[in-house]
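Hi,

Here is the structure I promised to pass on.

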Amino acid sequence: MRTPDMIVAFSKFIENPITKFELKKLLEREENGKTKLENYLLAYSEGREVRSMHYKLLKKVLEKGLETFTGGGKERLREALKDPHFRKGLASIVRGLAYFGVRKPFTSGAPFLIVWDVTYACNLRCKHCYANAGKPLTDELTTEEALKVVDTLGEAGVAALAFSGGEPLVRKDILKLIDRGKDYEMHVSIATNGTLLTKENVKKLEEHGLDFIQISLDGTKDAHEAFRGIPGIYERTVEGIKNAVESGVTTCISMTATKLNYKDVPKVMDLAEEFGVNYFMLYNFIPTGRGTFEIDLTAEEREELLEMLWKKLNDESAKVSFLSTAPYYARIALQHKEYYLATHFYNARLEGRLTALADFIGGCGAGRFYMGLKPNGDMQPCVFLPLKLGSIKEFKNGDEFLEFWRTNEVLEKLRDKDKLEVCGDCNYKYVCGGCRARAYAYFKDYLAPDPGCILYA
């Protein structure tokens, strides 16, 4: 059977009312506080049989999905499921099938990733800062409130939690928050300016199980210090990067490209390889917060940078994985006749039946895989899209948060790429769909066109 036909058959199987009803039964909690789904995925990874019709249904869904998109590979799946982060991610996919069905693009049953600005306090004054950080908000969450937020997200099955800011390392309870995230087997990361990453602090982060450190480096010395607003901090940032790499924690250099520093991008990419980091992340600048429209790149400048990133990605000698938060990155890959999931989560070349995944997984993740939190608990579709959806403090538990995730009107509109203005008529709408935060910044309408795309410009 051809892959498109198999996808149709799989969709019909999932959309069957009986299948959906029984899949939702997998979301019921058992005595250990975990859902049947979580317990059954662990059993499947260990090769254990469970005498339950719902376990048999889960196996059927997993194996039908494998056959549809990959052609098989049960043993590889069992091995992958031994990783708790992978298990949480797959649980969210199954939950998404139960509630949203087989959508293009796909929506997970809980956010894969929450980016949480835990404070707006910061020791730098960056010209592009979306949070306009410097001083903390007067109503930032207390330690008790923040731990309750982690509980809510953990109960909801969120797979990854990224602490950002401001500068998250100035928050005195950050290690407690990391510990609580690890209690729920989340993938926990920190986005930092690097100036506080002394050997002692990095060792503490490693001891508390931090999985990933992202450090901002926005150019060579002159450009970085002009961009970050404090003379003399370049060396401290570089020292922080080296300390992180030396620790063994997965390390990423991030760079936000604007008119002020975009000519330094190749130099920072070279530095990423020289320092031995695992990832280089090119951020898609959004004119919000302290960031002004005057420093935004033109669509042509952005296209040039993404083409450069693409060449680096395909350099077989490169030891660094080159990523971007720009949704057009996947479109660049397709224009080079490659099926690539080129996203800010990961890069993966899609071959064979896997090429069918591009339309389901690619594109802007706001409201589909990802959501943002402010230091006071306000929820946003994306940290770059300053539209309050409510407060996470309103929820008593993870189930109430999941109800919000399923039913919020703004999130549902963001998920429907067919209804986007201009982008909705584009051949790349499912793998890209434009940056909804940039559309909002320019037009105050998150469904408007994205002026950062060369196809629109």
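A word on terms before the sheet: two strands pair if DSSP finds at least two bridges between them. Helices (H or I, at least four residues) and strands (E, at least two) are DSSP runs, numbered from the N terminus. Please keep in mind that this is a predicted model, where local features need pLDDT of at least 70, side-chain atom pairs count only at pLDDT 80 or more, and totals for chains, interfaces and linings use all residues. Residues are numbered from 1 along each chain as its sequence is written, and side-chain values use heavy atoms, with hydrogens and water left out.

Now to the sheet. It is open and built from ten strands with mixed pairing, in the order β7-β6-β5-β4-β3-β2-β1-β10-β11-β12. The edges are taken by β7 (321-324) and β12 (390-391), each with a single partner strand, so one side of each has no neighbour in the sheet. Inside the order, β5 (residues 250-256) pairs with β6 (residues 279-283) in the parallel sense over five bridges, and Cys252 stands opposite Tyr279 in β6.

Helix α8 touches β1, β2 and β3, and its direction makes about 150° with that of β3. Helix α16 (residues 398-407) touches β1, β10 (370-373) and β11 (378-380), at about 120° to the direction of β10.

Which residues of α8 are buried? In this helix (residues 174-183) they are Ile174, Leu177, Ile178 and Gly181; buried means under 20% relative accessible area, exposed over 50%, partly exposed in between (1.4 Å probe, protein chains only). Seen down the axis of α8, they fall within an arc of 100°, so they line one face of the helix; the arc is that of the directions from the helix axis to the C-beta atoms. The face turned away from that buried side carries the exposed Lys176 and Asp183. Besides the three strands, the buried residues of α8 pack against α7 (143-156) and α9 (199-207).

Some backbone details to check: Glu185, in the loop between α8 and β3, has a positive phi of about 60° although it is not a glycine. The peptide bond from Lys104 to Pro105 is cis, with omega near -15°, and the one from Gly165 to Gly166 is also cis, with omega near 20°.

Best wishes

Conventions. Contact means heavy atoms within 4.5 Å. Axes are lines fitted to C-alpha atoms, for helices over the stretch in contact, and angles run from 0 to 180 degrees between N-to-C directions.
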